[in-house]
Structure formats: C-alpha cells, structure tokens
Amino acid sequence: MAATRPGRLPGRHRRPAERPVTYGEIIAIGEFRALWMAQGLSLLGDQLSRVALSVLVFQRTESPLATAAVYALTYLPPIIGGPLLSALADRHARRHIMILCDLLRALLVALMAIPGTPFPALCALVFCVVLLSAPFSAARAALLPEILEGDRYVVGSALQNMTNQGAQMLGFAVGGALIMGMGPYRALALDAATYLASALILVSGVRRRPAPARDDTASPSMWTMTRAGTKLVFGDGRLRTLVMFAWLCGFYVLPEGIATPYAATLTDDPQRISFIAGLLMAAMPTGTVVGAFLFGRYVTPSRRLRLMGWLAMLTCAPLVACAVRPPLVVVLVLWFLSGVGGAYQLAANAAFVQCIPAERRALAFGLVHSGLLASQGIGILVGGAAADRLGPETVVALAGAAGLLLAAALAVLWVRSRQEIIEMARMETSA
C-alpha cells in the first residue's frame, strides 16, 4: 500500500475541504435578493422615521422627556408582545405574515403622517408599528434558513447584518438633512411608502410556502406555544449558551447610548459635541460591517464556530481601555474593534438555527429577539443613570469589564458543547 503522510488519513477517508460561500452566490438567489431588498428599504425608512419622530415630538412638546419617551417606545413593544406574536409565524405561512405586517405598518405610519395627530394617538401608533415588527422579524428569520441552507445561511446573514448597520449609518446621517428639506410629516409619509414597497417586493419575489408542518393535529393557543418555545430554548444547555451569547450585546452596545455625554468629555467646544457624538455612534456599526464581511467571506464554517468565544471577548475587551480616558482617535479605534468582534453573532445565529426544529424557529427567534432588545434597553438605561454619577468613560470601561467576564465564561461553556455543531456544519458544507 502506498505510504501516506504522517497524521493524514488515506485519500478516500480524508474530510472534504471547507470552502466559504461567496457573497455573489448568495445575491444570485432570487428569493434572498427579494428579502434583502425589502429589508434594506424598510430599514432606511425606519431610521428616517426615528429622526422625524424625534423632531416632530420636540416641536410639539418642547420636552426632552416626551421626546425620550417616544424613543423608548421603540424598545418596549417587542419585549412585551414579541414572545406571543412571534408564534404567529409558526402557525401561518411566513410570507403571508410578513406581507400583512408590512401593509398594516404602512397604514399606521400613514396615520402618523397626518398633520395635527394628537400626541397620545401618535404614541399609540408608534407602539403598534413597533409591535408589528416582532412577528415580521420572526417570520423573516425563520424563512431565511428555508431559502439559504448550510453555509449559505451564514453568509446571507452576514450580508443582512451589513445591510442593517449600513442602513443605520446612512439613515441617521441623511435623515436630518432630508427632514430639513421636506419636514417630519412628509418624512413619515415616505416611511409608509417604504413599507408598501417592501410588501410589493415580497409578493413578487418570494414564492408561496405552506404553513410550517406540525406533528400534532390540534391547534394550540399562542400562550401554549410560547411556553413550549421557552422550554425548548432554555431547556437545552447548548441553546442557553447561544442565547446568552446573543444577549451579551447589552454590554457592548451601551456606549452608543451615552455617546453624546462621552463626546462632551472629549471637546471643550459645544459646537463640536454633536459631530463627535456622530463619529462615536458610527464607529461600532462600521466595525461590525467590516467584521461581518471578513468573517462571512474568508473564514470557514467550522472555524467560525471555534472563534466565536474569542470574538465575543473582543467585543468587550477594548472598552476597558476607556478607563484611562484616551483621546478621540484612540476611542474611535477601540469602539471600531469592539464592532469587529460583534461578527461572532453570525456564528451564534447559525448554530442556533441548526439546533431548533424548523416548525419552532419563528417562536424561538422571537424570544431571543425580545431578550436582545431588553438587554440593549436596560443596558442603555442603567448606563445613562450611572454616567451621571461616575462619568461616561468609567461606565463604558465597567461595561466592558463586566461583559468580558461574561464572554469568557460563555466561551468556556461553548467549548464543551460546540463539537457536535461543528461536525454538522462540516457535513452541510461538504454535501
């Protein structure tokens, strides 16, 4: 028999090499293209409407508290209703849920765009619009693995993540200038149009699929499904670890919530505070875009899973250096590196999909998404209160240190349970 190299198996037993999927291969898939375009269009409209609402409420009330309260409504509805409404996408066709949510949101935002809408009615409309994002996001998250399988799902998720961050940066940067030209009411009307366009793209670009098949013939209530989904997600050690990886963002997103007071510590010129705050807020999303691109394009599926714990620690470790109060350029680099580490969420998301039955994906994603928003909202709220007493630099450093400790603990737990998921990723890549 011919000799083989030490440590290498004979050719017929050798594991096939892993090849990362390219972004071009993903964009070539028509259904993904439709989801991607609809998502980007809707996100741009959402960012525009956030700026418009802030301007509109402040013009009406001249109250910073009222303006902050309306902004807080963008966090509250999914936390309350997300786990319940997300179950709809496991009981009905997911494409239909997405289209219906888009049409309803278009109607509600159009009502907000009517001049003279009373402030309480405006708050109620904002609540309902954001509430509908829960079943829409859950349906889209559950539908994506049906369109993209294996490593295609990870690369498609990376592309969507880059779109999210890019829309966030562009929406905030351009939103103010557009509202100066068209006014807040027309900006809200434009947001309503983006929802209609999103629905049209979904109708024409995503094919019909039946509702997810279920083993039982009975039709359980949404409350029953929510309890079953909670037991499924938190009753499995692997899933618990992956959920905690997702919720870790509450620590490293906190700096964005106190970017303005942090900017005030970096300059003595009041005219420059808003400019510096904008740079700080853009640093992490920029790092996330770069990290997601590199991680999704050049790292093999199994290596992504092995690097997940290290990248999770990278999201928090640079923030600790803010304790020494470095200059602006250094702070921007630190926050950028934190954003690069956030690419670990792509691997965590893919592993989560592999461990969840297809008929329960929407509910599971809805539960995780609600906790994600809760961790961000609570983190920003606590960070803002602490910054008044300790200063923003100290708060950012403490958040980084606490997050780093949690990330290190999760990395240890992940090492014990990742091997099975890595083997599944290898089989899907070589299939």
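I take buried to mean under 20% relative accessible area, exposed over 50%, and partly exposed in between (1.4 Å probe, protein chains only). I looked up Ser417 with that cut-off: Ser417 is buried, because its relative accessible area is 18%.

**Ground rules**

I am working on a predicted model, where local features need pLDDT of at least 70, side-chain atom pairs count only at pLDDT 80 or more, and totals for chains, interfaces and linings use all residues. Residues are numbered from 1 along each chain as its sequence is written, and side-chain values use heavy atoms, with hydrogens and water left out.

**Whole chain**

I counted 19 helices and zero strands in the chain. Both are DSSP runs numbered from the N terminus: helices are H or I with at least four residues, strands E with at least two. Of the 431 residues, 50% count as buried. I then checked contacts (heavy atoms within 4.5 Å). Among those between residues at least 6 apart in sequence, 85% join residues at least 24 apart.

**Ser417 and its surroundings**

I placed Ser417 in helix α18, residues 392–417. Its C-alpha atom is separated by 8.2 Å from that of Gly237, 180 residues apart along the chain. Next I looked at helix α9 (residues 237–247): its axis and that of α18 come within 10 Å and cross at roughly 145°. My axes are lines fitted to C-alpha atoms, for helices over the stretch in contact, and angles run from 0 to 180 degrees between N-to-C directions. The crossing of α9 and α18 is left-handed. By that I mean that the near helix is turned anticlockwise from the far one by less than a right angle; clockwise would be right-handed. In α9, Arg238, Thr241, Leu242, Met244 and Phe245 meet Leu410, Ala411, Leu413, Trp414 and Ser417 of α18. I sorted the residues of this contact into seven nonpolar, two polar and one charged. Ala, Val, Leu, Ile, Met, Phe, Trp, Tyr, Cys and Pro count as nonpolar, Asp, Glu, Lys and Arg as charged, and the others, Gly among them, as polar.

**α14 against α15**

I found helix α14 (residues 301–320) packed on helix α15 (residues 328–341) at about 165°, axes 7 Å apart. The angle therefore makes α14 roughly antiparallel to α15. My classes are roughly parallel under 35 degrees, roughly antiparallel over 145, roughly perpendicular from 65 to 115, and oblique for the rest. α14 passes α15 in a left-handed crossing. The contact of α14 with α15 has eight nonpolar, three polar and no charged residues.

I also checked the loop between these helices, where Arg325 sits. Arg325 has phi near 55°, a positive value in a residue other than glycine. Arg325 is exposed, at a relative accessible area of 55%.

**α14 against α16**

I get about 135° and 8 Å between the axes for α14 and helix α16 (residues 344–355). This pair is therefore oblique. Its crossing is left-handed. From α14 come Arg304, Leu305, Met308, Leu311, Ala312 and Thr315; from α16 come Tyr344, Ala347, Ala348 and Ala351. By class I have eight nonpolar, one polar and one charged.

**α16 itself**

I find α16 mostly covered, with nine of its 12 residues buried. Among them are Tyr344, Phe352, Val353 and Cys355. First C-alpha to last, α16 reaches 17 Å, close to the 16 Å expected at 1.5 Å a residue. The expected span is 1.5 Å times one less than the number of residues.
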